Amino acid sequence: MDWNGLVLLSVLATSLVASGVILLLAESRVVLRSVFNLAAAVLKLLLVLWIILGVYRNVDYELRFTIIEGVDFILRADALGIMFVGLSSLLWLFTTIYAIGYLERAPNRSRFFGFFSLCVASTVGIALAGNLFTFLLFYELLTLSTYPLVVHRGTRESLRAGQVYLYYTLGGGALLLFGVVALHVLVGDTEFVPGGSLSGIDPSLHPLLIGIFLMMVVGLGVKAALFPLHAWLPMAMVAPAPVSALLHAVAVVKAGAFGIARVVYDVYGIEFAYSLGLLGPLAVAASITIVYGSLRALTQDDLKKRLAFSTISQVSYIILGISLFGPVGTIGGLVHLLHQGLMKITLFFCAGNYAETLGVHKISELDGAGERMPATSVAFTLGALGMIGIPPLAGFVSKWYLGIGALSAGMNWVLAVLILSSLLNAAYFLPILYRIWFRKRDRVWCEGKALGWFETSGWLLFPTLATAAFALIAGLLAGMPFSPLYWAELIVSREYLQ
Amino acid sequence: MSGIVGLVALLLAPGVPLALAVLWSFPRLRRHIGPLAPWAAVPALLLALFGQPGATVELAWLLFGAQIGMTGTTQVFLFFTALIWFAAGIHGRGHLSKDDHCERFCVFWLLTLTGNIGLILALDVALFYTSFALMSFAAYGLIVHDGSRAALRAGRVYLVLAVLGESLILIGLILAARLTDAPLVPMLVDLPRAIAVAPERDLIIASLWLGFGVKAGLPLLHFSLPLAYAAAPVPVAAALAGAMIKAGLLGWLVTLPLGQAGLQDWGTIVIAAGLVAAFGGALIGVNQTRPRLVLAYSSISQMGMVSVAIGAWLSVPELGPLLAVAITVFALHHALAKAALFLGTEVVRHRTRRPVIWLWIGLGIPALGLVGLMPSGLLTKTTLKAALTAGSTMPEMWSSLPLLLGLAATGTTALMARHLWLLRLEAGRDDAPPAAWHGWALITAATVLGVFMLPLWGIRPDWMGALAGLPNALWPVAAGLVLAVLAWRWLRPWPIPPADVLVLLTPLPGLVLRAGQALGVTGPAIQRVLRHLQALALDRYRRADHRVGRATVHLWRRDAPLLFVLILALLAIYGLSIV
Amino acid sequence: MIGLWSLPLLFALPLALGILSLLAVPAWRPRLIFVGLPLMAAASLDMLAGLVISGPQVYRLGDWIAPLGINLVADGLAVGMILITTLVTGLCALYARVYLRDHPPSTSFFWPLLWFLWTGMNGIWLAEDIFNLYVGLEVMGLAAVGMVALRATPPALAAAMRYLLAALLGSLAYLLGVALLYGAYGTLSMAGLQEAAAANATTQVALALIIVGLLLKTALFPLHAWLPPAHGGALTPVSALLSALVIKASFYILLRIWLVLGPEVTPDFTAGLLGVLGAGAVFYGGWMAWRQHHLKQLVAYSTVAQIGYLFLFFPLVTNTGPEAARLAWDGTLMMLFSHALAKAALFLSAGNLILAVGSPQISHLIGISRFRPMSLFSFGLAGVSLMGLPPSGGFTGKWLLLHSALLSGQWWWLIVLFLGGLLSAAYIFKVFRMSFREGPQIDRSVTPPLTLDMIALLLAASAILIGLTAHVPLHWLRVGMVFGAV
Amino acid sequence: MSGALSGYLVFAWSGVLLFGLGLFGFVAHRHIVRRLLAFNIMGSGAFLVLVGLAQDGRGVDPVPHAMVITGIVVAVASTALALVVFRRWYRASGRTDLPEDT
């Protein structure tokens with residue numbers, strides 16, 4: 001094991017160790033826990049930045065050891081993986097800060113933060129996994145570490161949500177497992193290599209490969225909340241806001257989308273997948289999900305529910321981008337992986353701020369919130385406008401690339417889906433903004449939390465503003481080096497030039 | 001002004017309002033930002049007056065790599081836009097400062113201004129679209145400023161149409177951008193050529209035409225205009241009607257494949273739509289009972305005339321240079337005049353100590369301009385007509401165009417007469433702060449003088465031709481006045497609601513909502529049935545499970561040995577049978 | 001020949017300690033483990049060293065030649081079983097030392113029984129002839145019955161009685177089979193039988209008797225009825241030992257005999273039948289576990305289900321080609337070992353939870369996650385392995401079995417693995433669901449000693465760890481077996 | 001069959017018969033002591049099979065004897081243990097059979 005492998009391991013270990021220590025800490029050691037947690041998050045972020053620079057300079061980061069003959073445990077940092085790692089570690093830091101403020105007086109904090117860190121560790125593992133086996137390992141770990149977070153409140157409703165979550169994800173995980181094993185039987189250990197490794201396979205096995213692809217996509221689609229498999233996501237909204245934020249922006253749904261990206265690009269290879277005719281149906285499934293999620297979001301009055309359905313819709317943008325054959329569509333999908341994360345986490349932070357500070361959960365009660373909480377509302381506005389795809393916010397960049405990508409792939413109908421979805425996004429986000437900014441509250445606010453210097457606790461406000469700023473900058477300065485767009489282009493140049 | 005100064009000025013024009021908007025987000029600075037807001041347009045105005053076209057600044061980090069710069073045409077647009085924003089800002093600062101939303105107003109003002117200037121200066125598609133969107137959406141905040149029911153309704157209609165328009169524009173831009181040399185960093189100048197050869201040419205043209213048409217008041221997309229102009233604060237209405245409506249026009253100018261061959265059909269369609277707007281606007285406008293509504297329909301009507309020019313350009317590319325000048329002059333003239341008229345609607349309400357006659361002269365100047373009697377108006381009409389009749393090969397039906405435009409001018413005259421008449425009824429109702437006067441005076445002066453500044457931007461107006469066209473310009477005015485007098489004596493306005501056809505469409509959302517509610521009613525009902533079934537099944541299952549569970553436990557415990565014996569016996573029989 | 005001194009020690013030592021502790025006063029009985037455990041650990045490690053250095057070894061007890069003498073074989077599988085036995089039994093012993101403090105002095109009979117149990121198990125792991133296997137089975141079985149009866153409550157006694165009757169029936173069937181085989185071939189050694197045995201009626205009947213007898217002792221569905229009351233009702237360390245190791249002993253014998261005689265002698269359907277019974281066990285056990293209201297009963301039924309996985313070995317290894325057979329072997333052993341660790345951990349942590357809330361009812365676990373996260377955490381870790389979720393031994397085993405099933409074209413076993421995993425998730429999360437429910441705000445639960453939690457955690461962690469480093473144990477387990485060649 | 005019964009196998013067959021009888025008793029009876037008796041009869045049957053099969057004219061074979069002796073020891077021990085458990089069970093519950101069997 002060389003130094004680079006060790007760096008990789010320590011990225012994983014920062015949150016894993018943090019998780020263990022925090023789980024063991026007594027409930028009352030608030031300061032120690034917070035300091036430890038934040039230190040781990042910052043350390044991880046620094047390590048990740050180091051690796052990002054390394055990956056940029058084409059340094060190899062790899063760590064592998066054998067589990068059973070023919071099956072290795074591989075961690076590797078490539079451009080695609082490190083992008084996801086960067087997102088997770090950045091947002092982990094913010095979410096941790098947020099959660100410290102959010103759960104200030106709540107019970108079970110050790111458990112919460114412990115599993116929270118574990119969740120991030122598994123996300124990082126998913127991102128760094130170098131083959132399907134390792135991916136699967138962390139994928140299931142993610143399922144397990146998220147369950148305690150979903151049921152954290154311990155109410156009937158949250159337990160029910162947890163149960164549904166488990167039904168879906170464990171079933172999906174099992175399907176994925178079968179797909180992976182079947183692939184192993186056919187071709188042995190499937191490492192992720194740019195351009196895929198299956199194209200040379202005997203043509204008589206192609207139908208089998210299609211079946212396996214289907215199985216894996218369904219398995220991954222559960223987490224990515226593809227249309228018929230999405231029902232767990234809105235239910236999981238009963239979890240505390242930082243959890244929803246993390247689930248939606250980074251961990252769970254992204255793990256699914258990221259997995260599909262891995263399968264398409266690095267296992268099958270985009271060209272081979274295209275020649276098997278797998279991308280078209282995937283695009284159709286993603287499009288249906290996009291429209292369906294938006295339609296359902298229209299009718300929700302619960303703010304977090306509406307955001308949840310919006311997530312269902314938005315995550316499928318990523319899958320849509322993946323399924324567009326051609327570099328531009330790929331850039332669109334990958335860049336949306338980051339953009340959606342930044343925007344959605346902002347929105348959930350804001351929803352949490354409203355809930356915690358004002359005790360407001362429903363959209364119909366948000367009248368005049370802009371006056372009471374201007375900073376939060378500005379952040380919410382940025383996130384919402386970004387989701388609609390209004391320039392210069394991050395969502396616009398994704399949409400632009402997806403649109404051009406769709407056209408270059410010869411799938412003009414996708415453009416119609418994108419526009420329709422934008423219209424629907426506008427239809428369910430703009431009324432919220434309208435209520436926040438232009439309606440007057442007719443009652444006094446019942447204040448949920450004692451106020452600090454700002455409109456709400458600084459722990460809650462700072463991460464919200466930071467992520468909102470990132471969402472703005474990611475779009476506004478998309479042409480800057482190391483912006484999400486820049487990095488997505490780097491990935492694509494490495495994927496397609498194989 | 002040259003070199004580095006020019007580049008800095010290019011950056012400052014949109015940068016200053018944007019910077020002010022950003023500074024505004026610090027609560028402590030807000031008090032100081034408010035008074036500065038009207039002056040935010042000044043850098044742009046200076047740039048328009050003293051800048052040289054041709055300079056570009058590349059902002060590689062912005063969006064996909066943005067470029068800003070000026071061409072001759074956009075410099076004219078920048079001039080009147082900046083001037084109108086400046087004047088409207090000065091006009092509004094006094095009475096808005098006592099408003100309780102004035103802080104919010106300030107930031108939306110600055111953002112809209114940034115967008116408007118940005119879209120004029122943008123050379124690449126992404127920044128153009130971004131600025132356009134910024135302007136569209138920030139303007140919503142200005143429209144609904146006073147929070148009245150009418151304002152909110154206007155805002156809603158405006159927003160729906162704006163979102164639709166933005167989507168259409170995006171479709172058009174994406175489709176077009178793909179065929180440019182650099183699909184990911186497309187430049188505006190490459191668009192027309194790309195569109196002309198695109199396989200989806202008609203779809204692109206339709207999207208862009210309709211998308212920008214939302215701003216430019218195309219028939220059936222115009223609803224938001226009268227509603228917004230009537231409901232928004234007057235300075236906003238002036239900016240909307242003067243500057244922002246021209247953003248739609250600019251959108252057409254920079255994106256549509258003007259000057260490309262083979263678009264006769266589109267030319268015809270655009271001309272037809274323009275004529276419908278010109279006459280329809282006049283017809284509906286004269287029936288309105290509020291000055292601002294009359295002005296709004298006048299804008300629609302005027303934009304219809306510009307549409308005719310655009311259509312002509314599409315049909316006969318060779319007329320391009322002439323029409324470009326005509327359209328630019330028209331835009332300048334109409335923007336300034338309309339802004340002056342709008343500001344005038346408020347000025348007239350204020351009680352004044354000055355002689356009233358000066359006020360009415362001031363109010364009359366832009367009205368006269370619009371009907372084509374002031375130098376600017378005359379120049380505009382004659383240039384347009386000259387351009388339309390200059391071509392060597394003209395389509396048949398064009399022969400009647402000058403006549404039709406003349407008739408439209410009749411309509412304009414009637415509208416202006418109606419407007420002044422209605423203003424008279426509103427005069428002198430309340431006090432005006434002096435600032436309101438300054439803005440109005442500035443813009444009114446500009447309506448007179450603006451047209452003489454054209455040489456500054458390289459446009460040499462044909463004053464001789466204009467003078468020669470004077471007699472021709474008189475008959476529509478005369479006809480219009482006669483009509484107006486007749487109407488005043490014997491006709492009563494029809495009760496046409498402010499957003500005309502929209503009223504017919506209003507049940508539509510209601511119906512959709514009703515349908516949604518029906519779904520909402522059936523949805524839970526279905527869910528309830530399903531849940532009931534589920535509960536039933538679960539109950540059954542639980543009971544069965546319990547029974548089976550008990551039975552199996554019992555069976556296995558009791559008879560496991562028996563089972564064992566059975567298996568043994570079977571095996572024994574099997575074994576013996578072999579023996 | 002490093003291993004030779006330690007090999008007899010593996011029986012002699014526990015036997016001696018058993019007798020010694022029987023003679024000792026109750027207070028001294030637990031303390032003997034401080035002598036016994038290090039020695040046993042040393043002996044086991046020495047066996048491992050012997051295997052690593054000089055490969056599989058055969059040892060003739062007292063230098064008598066077979067058949068009168070006793071042959072002991074220490075191949076990879078046997079050494080593996082010895083090691084896992086030492087690990088699990090040792091930890092259970094440490095657990096019991098703390099756990100039994102609060103129990104009546106009569107429970108100190110646990111200690112001699114423990115040593116006898118260990119003797120019996122080590123005898124089974126090392127025996128090479130089928131009669132010594134019988135003796136080992138009996139020693140172990142009787143000790144196990146004694147342990148079940150330790151609690152001395154009527155349900156425990158009934159369970160012990162039922163267990164005893166089942167064990168006796170199974171032993172006798174096995175013995176009769178042995179008698180027939182010896183009568184037919186005049187040899188007891190496995191190697192001899194492998195050479196001599198032919199597919200005639202006598203052999204088949206004998207083998208049928210042996211298999212059915214062992215199935216009864218392994219508690220394969222539908223012969224499992226004795227298991228849940230015995231395992232669920234016993235003292236916690238006893239439950240752990242029984243579920244983790246004791247039932248594995250009869251399975252181990254079955255495995256050995258099958259490899260020697262099975263495919264050649266039995267009719268074709270036998271392997272399939274065993275697999276089907278295994279599938280039945282997975283479904284029935286999982287379903288019953290999910291229905292239980294008592295925590296330890298749930299865990300006991302989980303054992304019934306997990307046994308089923310082991311029996312997928314037979315169809316997967318019979319007539320399926322070397323690669324699939326090797327994978328099946330690896331997978332089954334991975335299952336066996338990880339189940340041993342995980343189930344011990346599960347029982348011990350369940351015991352801790354019961355100690356904490358003072359009630360065996362699952363419904364009384366409401367809100368316990370707030371107060372006893374450690375116990376619950378080890379329960380969860382062990383549960384991960386049982387559910388076959390990565391990264392755990394259970395997952396690696398499942399992976400290998402899946403691989404084998406696909407490779408051999410017997411895809412229908414996938415369904416068993418699929419549904420079995422979901423069922424186990426259902427019952428594991430049933431416990432979690434309860435524990436995450438918000439209950440009383442005040443901690444009324446008892447804090448179990450830290451040692452107990454730590455031991456459970458250690459076992460659970462090793463169940464996880466074994467999955468991550470699976471290739472090492474699997475490599476050594478193949479030494480001396482037919483699968484070693486591949 | 002008759003040939004098999006005629007020779008040395010008669011012991012073995014009677015062993016099988018005894019085993020079968022014992023098995024029947026083991027299953028048919030509910031009283032635990034009876035079942036234990038039945039178990040012992042089964043055991044005797046098994047031993048008889050062991051010894052009987054060894055008399056095939058191969059000369060004296062000490063192995064079955066060793067096995068039978070071991071087996072008897074095991075059977076005795078088992079029976080003893082069973083009786084201990086039974087006594088405790090009887091004292092605790094007052095029953096002579098197992099709860100689910102009735």
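This is a predicted model: local features need pLDDT of at least 70, side-chain atom pairs count only at pLDDT 80 or more; totals for chains, interfaces and linings use all residues.
**Entry 1: chain B overall**

I began with chain B and its elements. I found 22 helices and four strands there. Next I looked up burial: of the 579 residues in chain B, 54% are buried. I also checked how far along the sequence the contacts reach. Taking contacts in chain B between residues at least 6 apart in sequence, 81% join residues at least 24 apart.

**Entry 2: confidence in chain B**

Mean pLDDT for chain B is 81, and 87% of its residues reach 70 or more. Which elements of chain B have the lowest and the highest mean pLDDT? Strand β4 of chain B (residues 430-431) has the lowest, at 62. Helix α9 of chain B (residues 201-216) has the highest, at 90.

**Entry 3: where B meets A**

I turned to the contact between chains A and B. Chain B puts in 25 residues and chain A puts in 22 residues. On the chain B side, α6 (125-143) and α7 (149-177) each supply at least two residues. I noted that α7(B) gives the most to that side, with eight residues. Sorted by class, the side of chain B that touches chain A has 19 nonpolar, five polar and one charged residues.

**Entry 4: where C meets A**

**Entry 5: a helix pair in chain A**

I then went through some helix packing. Helix α3 (residues 79-102) and helix α4 (residues 109-128) of chain A pack at an angle of about 170°, and their axes are 8 Å apart. Angles over 145 degrees count as roughly antiparallel, so α3(A) is roughly antiparallel to α4(A). From α3(A), I see A:G81, A:F84, A:V85, A:S88, A:W92 and A:A99 in the contact. They meet A:F116, A:V120, A:T123, A:V124, A:A127 and A:L128 of α4(A). The residues of this contact come out as nine nonpolar, three polar and no charged.

**Entry 6: a helix pair in chain B**

B:K381, B:K385 and B:L388 in α16(B) meet B:L401, B:P402, B:L405 and B:A409 in α17(B). By class, the contact of α16(B) with α17(B) has five nonpolar, no polar and two charged residues.

**Entry 7: B:I496**

Last, a single residue. Where does B:I496 sit? I found B:I496 in the loop between α20 (470-490) and α21 (502-505) of chain B. B:I496 has 18 other C-beta atoms within 10 Å, so I put it down as partly exposed. Leaving out residues up to four places away in sequence, B:I496 touches B:I284 and B:N287. I also took a distance to B:W421, which is 75 residues away from B:I496 along the chain: their C-alpha atoms are separated by 18 Å.

Methods: Residues are numbered from 1 along each chain as its sequence is written. Chains are lettered from A and ligands numbered from 1 in the order in which they are written. A residue is buried if 20 or more other C-beta atoms lie within 10 Å of its own, exposed if 12 or fewer, and partly exposed in between; C-beta atoms are placed from the backbone. Two residues are in contact if their C-beta atoms, placed from the backbone, lie within 7 Å. pLDDT is the predictor's confidence in each residue, from 0 to 100. Ala, Val, Leu, Ile, Met, Phe, Trp, Tyr, Cys and Pro count as nonpolar, Asp, Glu, Lys and Arg as charged, and the others, Gly among them, as polar. Axes are lines fitted to C-alpha atoms, for helices over the stretch in contact, and angles run from 0 to 180 degrees between N-to-C directions. Angles under 35 degrees count as roughly parallel, over 145 as roughly antiparallel, 65 to 115 as roughly perpendicular and the rest as oblique.
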